[in-house]
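Thanks for coming. I will go through one model today, starting with a single chain and then turning to how the chains meet.

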Amino acid sequence: MSTPKQLPRWADLILLPLVGLAAALLLSCGVIALLGESPWQAMRLMVDGAFGSQESIGYSLFYATNFIFTGLAVAVAFHAGLFNIGGEGQAYIGGLGAGLVCLWLGHWPFWAVLPLAVMGAAGFGAAWAFLPGLLQAKRGSHIVITTIMFNFIASALMTYLLVNVLIKPGQQSPETREFGSNSWMPFAHEILARVGLDFTATPLNLAFVLALGAAGLVWVFIWHTRWGYALRVVGQSPEAAVYAGISPSRITIMAMLLSGALAGGLGLNELMGSQHRILIDFPGGAGFVGIAVALMGRNHPVGIVFSAILFGALYQGGSQLTFDMPRVNRDMVVVIQGLVILSCGALENMFRQPLTALLGRRRKSGEGRS
Amino acid sequence: MIISSRFSSWLIAVLVVTTALAAGAKDFSPAIVYDFGGKFDRSFNQSASEGAARFTTETGTAVREFEITNAAQREQAMQQMARRGATIIVAIGFTQASAVEKVAKQFPNVMFTIVDAVVDLPNVQSVNFREQESSFLCGMAAALASKTGKVGFIGGMDIPLIRKFALGYVEGAKFVNPSAEVFQNMTGSTPAAWGDPTKGAELAKSQFGRGADVVFHAAGATGIGVMQAAKDSGRLSIGCDSNQDYLHPGSVLTSAVKRVDVATYKAFLDAKNGTWKPGQIVLGLAEQGVDYSYDEFNRAVLTPEMKQKIDAAKADIISGKLKVSEYKVQ
Amino acid sequence: MVEKITVLPPALELRSISKRFGAVQANRAVSFQVAAGSVHGLIGENGAGKSTVMNIVYGFHRADDGEILVNGRPVKISSTQDAIAAGIGMVHQHFMLVENFTVIENVMLGVEGGPLLAEGIAKAREALAKLGKDYGLDVPLDAIVGSLPVGLQQRVEIMKALHRGAQILILDEPTAVLTPQEADQLFRLLGRLREQGKTVLLVTHKLREIMAITDRVTVMRQGSVVAEVETKDTSPRELAEKMVGRSVLLQVQKGPARPGAELLTVSNLEVRDAQGVMRVKRVGFKLHGGEIVGIAGVAGNGQSELLEALAGMRAPVGGEIRFGGRDLVAEKIDPRGRRELGLAHVPEDRLRVGVVTSFSAQENLILGYQDHENFNRGLLMNNQAILEDCARKMAAYDVRPPQPGLRIAAFSGGNQQKLVVAREVDRAPTVLLVGQPTRGVDIGAIEFIHQRLIGLRDAGKAVLVVSVELDEILGLADRILVMAGGEIVGELSRAEATEEKIGLLMAGVREEKT
């Protein structure tokens, strides 16, 4: 028996996540207090660490770039009713695609490498998502299971390639040689310097702009094209899709290809933008954080950009926290991130009802007055 | 370093200024960056953190520590440490090489020590170990103790470093018994392979099933399972990195000891005393950077005859009479 | 029929019950009494607030205001347990039974009486045997519930309620899943319950049932009680007017059919469902322009699968569908292709298939036509055109409120169905397939939708109507096919068709089969 209670749109999109965030931070303060540190100080360190200086802003946005890509990947699949947990593996393989282009054509001019690298990242990422999509569409193998499996396969494949094939000879570390410097993404501080603005050197690079562009394209695609329409119909009601002459299996595959391509974008930021080589485990869990980002961003590109920035800030602010508060270690930061995910995702309904009641009461009394 | 946070920003400013003005300032500030495994990985990083802890207890100087969770943080952490006045930064693990290379160039007045990799810069000290030498001795021990002529090796992740262990081990075993058979297994291809004792035990049991009666692990915490399985099956195991003989007395034949703790401790101490030097340091049997273990826990299984043969080989390796091959990438 | 003993307090009394969901006032000061030992009808259109009243009485919702009295004493009902304790039982429209349990296991679910089952089963068996005898509830106690026909499953629900000591039995649209004959049996059972002193509250929107069985009837409209009358003093027309609030036409007004050319030919069609069960067996028929053909049958006898196969949503395993000179089966033409050929479809399950509930009205009005050139401009959709198209159809089909941006879920069932009909009929298809055209649709909209279907017929097109509402089939169709057990078991012209004849065909073949 669902009752037709609904939050106003603004409250659903803005107020609810904020309340969740506040609750998570409050809980985190409690845990920090238990550790014997000052919660107030810790929160200040975190905020300061995330936004307090050009450097911290640069790092926050650098991490956010990864999360925008993986968050969009999760969201596109989600709109088609698919839970793509394979962002990690798709990003890993997508990075391989971008990396191979850069290793190969690193001496070409940047404007020529860039489109090819983007195609490499998107193409490899999409290819890695293709099989799980196909298996779901044609054989009904559950996408959650197959994408998890493909994360492991990606990891095994990359380790093999980096240890045996792509490794730079004569070194211990399983990583490739450095890309030709032509293929490096221009850093934010380089770009800003060109227009006369001074910005601290950080890994923040052009990929951030590409991520924002990807968010824009996803928005247009999902809500303003017939393919996006078909994708949403499949996600909302596969029966209605069949009725409308939309093939759910074709859409499933298409959505997974797109999702994988978006996840692959992470490689542009992490490898072309910062590491300038392919190395072991570079996605560093961003594929999974993308799930939380999409969840919190309500699977809307705008929401995803904001929640990605929030998670980037948590990441960066959190590492500052461990830096300055030795008793708060990196696991504690994971706890804080976990609390945010928990209260903004899983516990959302806990806040939804009281909020609805509160707003409902306000509206009612407003009606009474008018 | 627990400073009253109110003064921290002031202090940092001062530190930055002092380091900028006078290189190698009086304020000695050591720092260490651990890799993904974290300082409690019961293996490599933990060994390093023990060295840092020893330095702190002995000198009373706190060491600033950072455990990374993302590749980009290596560089970020080192930069911050340098900016906040770190005198010496020790980077644990070969994965940090590129970050050290980059940050060391940005901060030429800060000393960097990297363990398990080579970075060729005037302010970087590269500490490497000849793991193959201790592995060779362990391979000998395994072949000497084996009744079946079959011995096993279980690595963590399939990376060059572990292949280095494996190669030395195989050579050592064949040195004793040219017809010895060596089974080799890697636990996995993700960093999780360093922390999966269950899988380690399974691999060990499967090697026992194929006839092996001594098994050597180079797999971090995964090795705990390997050693437990050996004890449960009444076979022998060989520990790795730190002396693990005490874990199952009478079942652990010996351990391939790698003194990351000593390297870390020594880097800090040298830096403090002004005797720290850049360049490559390779620690083998001769430098006591690696060794095999022999103590009251394994005396019962590592017989005097075995020990005698192993020590003879050890002397030959130190003198250069006996060459152990090193795994080279391609 | 029986003189009521007026000294007894009413079995159930509602005093000024109000309930609001957000902006919707679902119940506004609802008050009525149900006399002990009577069958009381509660009638109203979808959305009139009947379900809310029922759910408040049974403890699913709590009233914002007002009180409930059982046998003259106020009771506080805040959960179904409270309702059961107060002697109230409920038979839901969708049965709450565990299909792979036996009857006895289902009945004792929740009242097992101790950790060991054997004893409880023995006791329950004894009690149920007595119940069966008292009320003529003839149910095999050890049969698996899923294997029983729907009519018997419903009795299991009634038995369950009685076993828990219900004195007041609420039945929610109980005849929706029954054949006319099964419905008659149910009414006889309700009569026996009444004789034994039980009180029955029958919630329905079917006038026929109210007239057939109830003693008194309460009519609700827009959350309020608008009338309460003795059944013998009223007529279907009066009740319908009270329900809708204006005079209505109970009979569909239409002229004689003028069948024209053969437009669609089905032969030897065989369809399996998702579980592989053959649901449609060698079905064949023809549709001519200018006629409405009705397919009657109890729900679940293959009509849904037939409709899906015709619309292209389900691939048949054999047979032919010839339309516009092509064989839709052999050529594997998908629903979109069929629409382009002029075969439109209003599906039976509106909320699951016909619309996407989370989409706006305007988005729903392009469902199936999303690739049409009118709605697209290059790579992007032409939102302006979509909006204008929706606004135009809303005006032409009197959809209220006329807001293209409103989510479809916010419209009433009737307005949703008008939107679906608008989408499919507006393109003047050659053949229109309609499943349950007025399920969950209020009387006002029923009239409107029927007129549109007849309008299409009069324009020379063919309409195939599948409905479980016999009244609707009899009102609309020019020719009637009866389906049972996946086969077409009879064809009747409108002139020769009567409710009894159709009912026998619907049931007869099925009994023959089992």
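In chain B, take the contacts between residues at least 6 apart in sequence: 68% of them join residues at least 24 apart. Two residues are in contact here if their C-beta atoms, placed from the backbone, lie within 7 Å.

Before going on, the conventions. This is a predicted model, where local features need pLDDT of at least 70 and side-chain atom pairs count only at pLDDT 80 or more, while totals for chains, interfaces and linings use all residues. Residues are numbered from 1 along each chain as its sequence is written, and chains are lettered from A and ligands numbered from 1 in the order in which they are written.

Back to chain B. Its secondary structure comes to 10 helices and 12 strands; these are DSSP runs numbered from the N terminus, with helices being H or I of at least four residues and strands being E of at least two. Along the principal axes, the C-alpha atoms fill a box of roughly 65 × 40 × 40 Å.

Chain B is assigned domain 1 (5-129) and domain 2 (131-258 + 290-319), with bounds from an automatic or database domain assignment. Taken over C-alpha atoms, the domain centres are 33 Å apart. Each side of the contact gives 10 residues: 10 from domain 1 of chain B and 10 from domain 2 of chain B. On the domain 1 side there are four nonpolar, three polar and three charged residues. For the classes, Ala, Val, Leu, Ile, Met, Phe, Trp, Tyr, Cys and Pro are nonpolar, Asp, Glu, Lys and Arg are charged, and the others, Gly among them, are polar.

One residue as an example: B:Val124, in strand S5 (residues 124-129) of chain B. Why does B:Val124 count as buried? Because it has 25 C-beta neighbours inside 10 Å. Beyond four places in sequence, its contacts are B:Val100, B:Ala104, B:Phe112, B:Ile114, B:Val119 and B:Pro278.

The largest nonpolar core has 366 residues, and those touching the most other members are A:Leu72, B:Ile89, B:Val100, B:Ala141 and B:Ala142. Such a core is a set of buried Ala, Val, Leu, Ile, Met, Phe, Trp, Tyr and Cys residues joined through C-beta atoms within 7 Å. B:Ile89 has contacts beyond four places in sequence that include B:Val33, B:Met78 and B:Phe112.

Now the interfaces of chain A. With chain B, 32 residues of chain A are in contact with 28 of chain B. Helix H6 (143-165) of chain A is one of the elements giving two or more residues to that side, and H6(A) has the largest share, five residues. By class, that side has 14 nonpolar, 13 polar and five charged residues.

With chain C, 20 residues of chain A are in contact with 26 residues of chain C. The largest share of the chain A side, five residues, comes from H9(A). That side divides into nine nonpolar, eight polar and three charged residues.

Note on methods:
A residue is buried if 20 or more other C-beta atoms lie within 10 Å of its own, exposed if 12 or fewer, and partly exposed in between; C-beta atoms are placed from the backbone.
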